[in-house]
Amino acid sequence: KNIVNWVYSSDLMNHLIQKFKLNEHYSFQNQKRNVYENTFNYLQNSIRVEFTKFNAINIEVTDRDRIIATEMANEIVKQIYFLNNDLMIKKRKFAIEQYTLMYNELENTSSGKLDTLKALINDFSILLNKTDQLNIKSKELNKAQSLLVKTAEEIKNGNISLLESIRFQEW
């Protein structure tokens with residue numbers, strides 16, 4: 001439906017009017033008033049767009065000159081192709097921007113978490129080495145170990161979420 005709307009848009013109508021000099025072709029240039037409006041309306045009424053049962057697009061252009069009608073229909077198809085390419089490129093650029101943001105966020109978050117994990121591992125190692133000397137209770141060791149596991153799992157889950165979003169992202 002968006003394509004149908006775009007075919008009847010002012011942008012495409014203006015393009016066709018200029019490219020094929022339709023003011024002259026339709027002999028509206030001799031009129032003193034409403035030349036553009038008459039050309040625009042005449043052109044719009046000369047174009048028919050419909051979807052086939054196979055979801056293809058059928059574009060018909062009627063004109064007294066069959067060559068110009070064919071060229072206009074081909075030009076409409078060409079402009080749809082360019083529009084589709086532009087939309088695909090914009091969509092992919094947006095996806096790249098989003099992945100870059102996710103990467104930067106993950107890098108910042110993971111970097112901080114990795115630093116935290118490294119510090120926790122170091123503290124835990126020191127704590128384990130000093131258990132005999134400091135008479136540290138197993139409850140404190142369990143807390144430290146639990147914090148280590150939790151931090152490691154958060155890093156792992158963050159990476160899994162990123163991989164899943166990349167896998168399921170629609171291109």
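Q: Where does aspartate 63 lie?
A: Helices (H or I, at least four residues) and strands (E, at least two) are DSSP runs, numbered from the N terminus. Aspartate 63 sits in the loop between strand S2 (57-61) and helix H5 (66-129). This is a predicted model: local features need pLDDT of at least 70, side-chain atom pairs count only at pLDDT 80 or more, and totals for chains, interfaces and linings use all residues. Residues are numbered from 1 along each chain as its sequence is written, and side-chain values use heavy atoms, leaving out hydrogens and water.

Q: Is aspartate 63 buried or exposed, and which side chain of opposite charge is nearest?
A: Buried means under 20% relative accessible area, exposed over 50%, partly exposed in between (1.4 Å probe, protein chains only). A salt bridge puts a side-chain nitrogen of Lys or Arg within 4 Å of a carboxyl oxygen of Asp or Glu. Lys and Arg count as positive, Asp and Glu as negative; His and the chain ends are not counted. Aspartate 63 is buried and has no salt bridge. The nearest side chain of opposite charge, arginine 64, is 5.3 Å away.

Q: Which polar contact joins the side chain of aspartate 63 to another side chain?
A: A polar contact is a pair of N or O atoms within 3.5 Å; within protein, one must be able to donate a hydrogen and the other to accept it, and residues adjacent in sequence count only if both atoms are side-chain atoms. Here the partner is the side chain of histidine 25, at 2.8 Å. The side chain of aspartate 63 also reaches the backbone nitrogen of aspartate 65, at 2.8 Å.

Q: How many aromatic pairs does the structure hold?
A: Rings of Phe, Tyr and Trp (its six-membered ring) pair if their centres lie within 6.5 Å; planes under 30 degrees apart count as stacked, over 60 as edge-to-face and the rest as tilted. The structure holds five such pairs. Tyrosine 26 and phenylalanine 28 have ring centres 6.2 Å apart and planes at 65°, so the pair is edge-to-face. Both residues are buried. Tyrosine 81 and phenylalanine 82 form a tilted pair, 5.9 Å centre to centre with 55° between the planes. Phenylalanine 82 has 39% relative accessibility, so it counts as partly exposed.

Q: In what sense do S1 and S2 pair?
A: Two strands pair if DSSP finds at least two bridges between them. Strand S1 (residues 47-51) and S2 are antiparallel, over five bridges. Glutamate 50 has asparagine 58 in S2 as its bridge partner.
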